[in-house]
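I opened a new page to record what I looked up in this structure. The entries follow the order of the look-ups.

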Amino acid sequence: MLFGGQSHATVISTAKSEKMHYWVRASSSDFVGTLPQPRSGHTAVVVGRSKVVLFGGLVEKRFLSDIVVYDIDNKLWYQPECTGGSDGEVGPGPRAFHVAVVIDCHMFIFGGRSGGKRLGDFWVLDTDIWQWTELTSFGDLPSARDFAAASAIGNRKIVMYGGWDGKRWLSDVYLLDTISLEWMELSVTGSLPPPRCGHTATMVEKRLLVYGGRGGGGPIMGDLWALKGLIEEENETPGWTQLKLPGQAPSARCGHTITSGGHYLLLFGGHGTGGWLSRYDIYHNDCIILDRVSAQWKRLPTGNEPPPARAYHSLTCMGSRYLLFGGFDGKSTFGDLWWLVPEEDSLAKRLLAASPNVQNIQNKDVELGNENVQNIKENQMEESAVSELQKRLGISVSLLGNGVPVVDEVEDKEFIQLASNLVGERVSGNEHVSDVQVQALRDHWRKSTPRLIPLKEFGPLLRDYQRLITRRLQANSGSDMQFLESSFPGKAAYGFYHIRNVNQLRLDDIPKLLAEYKQLLPN
């Protein structure tokens, strides 16, 4: 019932494990015609199951305004001769980071960016006759913006949410009636998602699902929201609900894609950040699905290496195949084309025949549920209480698998120094830290808030957190597994056990780490 939904009986009958998929890089010999030039921030929409229409984008600070079409049946790329426009120009001006939504054979375009200017013009392209019409003068339009997200509601309306107007992040919701060409701002009561841009917005039955994006002040988000009240016949009061679904949820990101295919939504790629003391960009190439039937996140099983990580790409669904194009990784703009196909597809069979070593290779994200441990081999996992916890919780908790063994208090020099400073007793190199000193430091952290703990203390705190978990596991030898799994409702227990060092923590991880640490301390 979560997505407007299906009966319990349907959930039982349709829930199943996902098929193995393979990434196959396309080459020019797979197509007829001229392939599109590299770009990011473009749009790609499927029209009538017969063609994919690319529009706009950005490459090397140059904004594009071309239309490139892929004829699915004939495997043909071509650029149609378009007509219509204004001021002597055909079609909209160059842009990227706009929205594009298809209703029947019409592709509607709104906003975007060209250079440093946010755009607020509104266009439609008739893809039967390749004619552009500007609709900017029709009614009251939303404010100019880029990095918004939009989705079709049935075969008549379009819903658009959020974006960036150059000064502020937006959280408004607009509905467009494509018959009357009237825009209406939707009045939504109750709690609202934080304003954002670079997110995705996808209609699933009667709800609009919004995931991720960059928010006010710049943080990148990983939250999922559902908006009801978009279907007139339902007579529902418009309202947002934050969804906290079980499973292997994606990390926070923006510039990703979510593509609807069958009974699930497929999330690929995007841009995030890592680190704590110093921030750095992370680009993703993971495949995560949101199962509409069981309402949970899962990793899509993939049998070979994915394409290079990227954001602001396009991923379109054509039957059982997905086509990835373009994107940006912080340094380079991509022009490569990749197919993502199920194992029974002819492209997958061709790949496996050409590369026998690809067969039966499981994606490490699926096996371990953590993208940071992709290189850990199965034979390194010891059959112990620790590896049992790993299997049950879907996280990496190998003592040696993360490359950093948990050290005892007497070997943790920073921990010893903090403890001795706290009680005013000097500890020499050949003396052990006392139980009183250890307890004093732990009591100090128990009473502290994240803001009160100096930066230099988080390294020793993280190691002590890992120490306490290790000892509890060793003491219980797996018998207390149920307690460990239920220690932190709604998420995997001890989510920071696998962290190699404190620099991998984000600022918003600190309160969670401290809360978990306090629950580990004896009363």
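**Whole chain**

I noted to begin with that this is a predicted model. I looked up the secondary structure and found nine helices and 28 strands in the chain. I then checked burial: 51% of the 523 residues count as buried. For contacts I took those with a separation of 6 or more; residues 24 or more positions apart account for 58% of them.

**Helix H6**

I turned to H6, which covers residues 435-447 and has 13 residues. From first C-alpha to last, H6 reaches 18 Å, close to the 18 Å expected at 1.5 Å a residue. I listed its buried residues as Gln-437, Val-438, Leu-441, Arg-442 and Trp-445. These cover an arc of only 130° around the axis, which puts them on the same side of H6. On the face turned away from that buried side I found the exposed residues Asp-435, Val-436 and Lys-447.

**H5 against H6**

My next question was at what angle the axes of H5 and H6 cross. Two packed helices are described by the angle between their axes and the distance between the axes, and I looked up both values. The axis of H5 (residues 413-423) and that of H6 come within 8 Å and cross at roughly 85°. An angle of 65 to 115 degrees counts as roughly perpendicular, and H5 and H6 are therefore roughly perpendicular to each other. I wrote down the contact residues by helix. H5 contributes Phe-415, Leu-418, Ala-419, Ser-420, Leu-422 and Val-423. H6 contributes Gln-437, Val-438, Ala-440, Leu-441, Arg-442, His-444 and Trp-445. I sorted the residues of this contact by type and got nine nonpolar, three polar and one charged. Looking back at my burial list, I see Gln-437, Val-438, Leu-441, Arg-442 and Trp-445 there as buried residues of H6.

**Helix H9 and Glu-516**

I looked up H9 (residues 510-520) and noted its buried residues: Ile-510, Leu-513, Leu-514, Glu-516, Tyr-517 and Leu-520. Seen down the axis of H9, the buried residues fall within an arc of 165°, so they line one face of the helix.

**Thr-316**

I found Thr-316 in strand E26 (residues 314-318). Its relative accessible area is 5%, and Thr-316 counts as buried. I left aside neighbours within four places in sequence and listed its contacts: Ala-44, Val-45, Val-46, Val-52, Thr-259, Arg-321, Tyr-322 and Leu-323.

Glu-60 is not a glycine but has a positive phi of about 50°. I located Glu-60 in the loop between strand E4 (51-59) and strand E5 (62-71). With 75% relative accessibility, Glu-60 counts as exposed. Phe-97, likewise not a glycine, has a positive phi of about 60°. Phe-97 belongs to the loop between strand E8 (89-90) and strand E9 (99-103). I looked up its accessibility as well: Phe-97 is buried at a relative accessible area of 11%, whereas Glu-60 is exposed.

Technical notes. Residues numbered from 1 in each chain as written. Predicted model: local features only at pLDDT ≥ 70, side-chain atom pairs only at ≥ 80, totals over all residues. Heavy atoms only, no water. Helix = DSSP H or I, 4+ residues; strand = E, 2+ residues; numbered from the N terminus. Expected span 1.5 Å × (residues − 1). Buried < 20%, exposed > 50% of the residue type's maximum accessible area, 1.4 Å probe, protein only. Arc of directions from axis to C-beta. Axes fitted to C-alpha atoms, helices over the stretch in contact; angles between N-to-C directions. Parallel < 35°, antiparallel > 145°, perpendicular 65-115°, else oblique. Contact = heavy atoms within 4.5 Å. Nonpolar A, V, L, I, M, F, W, Y, C, P; charged D, E, K, R; others polar.
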